[in-house]
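Have the viewer open as you read along.

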Amino acid sequence: MSLAFPKRPGIRRALDAVLLTAFLALLSGCNYSFTGGGLPQHIRRVYIEPFENETPYPGLESLLLRELQDRFPGSLGVRLASQSNADAIVRGKLKSAEEQTTNINPNTDASGRIGRLEAQVQVSFDAEIYDVQNDRVLWRGNGITALGAFNPNTEDVDDGRRKALQQAVQRLIEGAQSQW
């Protein structure tokens, strides 16, 4: 039994060769990479300052700081640093955090109350990434809103806050990446 490929007519074989060559040329032209993960090349170390918290929820800024420290460096190709060693500083302000009902059960329960089927936490914040070396703001976002949906029958409002803060971090990362 022969392991040779079946023979094809001359025109078909030539067309296959042209397509293969074009495909290989296309692949070789796609050899690029993102240096610095969306920030200028000289930004290698970032200090994440605890955000000011203007919401009625103490500790929300600590949750946001932890989420930023966990996700921001890996997403943008930088390392965390102290403020004195940082090339850039991430800072901001939590402006508001509100719980909202988004879907209700129109039927009342035994006590006459209307049940909530869906709810969300809406977090609003301002943030900026400041370039220490060049003394300028690299990116600024004001009035950014993030939402954290949760099921009030199986989750509590803290789950909604956590989801909203995760989305807030994602928006900050996307904002930084969109500038370059």
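A crossing counts as left-handed if the near helix is turned anticlockwise from the far one by less than a right angle, and as right-handed if clockwise. By that rule, α2 and α3 cross in a right-handed way. This is a predicted model, in which local features need pLDDT of at least 70, side-chain atom pairs count only at pLDDT 80 or more, and totals for chains, interfaces and linings use all residues. Residues are numbered from 1 along each chain as its sequence is written, and side-chain values use heavy atoms, with hydrogens and water left out.

**The helix pair**

Helix α2 covers residues 60–76 and helix α3 residues 157–178; they pack at about 40°, with axes 9 Å apart.

**Two residues to look up**

E67 sits in helix α2 and touches L165, Q166 and V169, leaving aside residues up to four places away in sequence. D135 belongs to the loop between β5 (114–131) and β6 (136–150), and its phi is near 50°, a positive value in a residue other than glycine. Buried means under 20% relative accessible area, exposed over 50%, and partly exposed in between (1.4 Å probe, protein chains only).

| Residue and class | Relative accessible area |
|---|---|
| E67, buried | E67: 17% |
| D135, exposed | D135: 58% |

Definitions and conventions
Axes are lines fitted to C-alpha atoms, for helices over the stretch in contact, and angles run from 0 to 180 degrees between N-to-C directions. Helices (H or I, at least four residues) and strands (E, at least two) are DSSP runs, numbered from the N terminus. Contact means heavy atoms within 4.5 Å.
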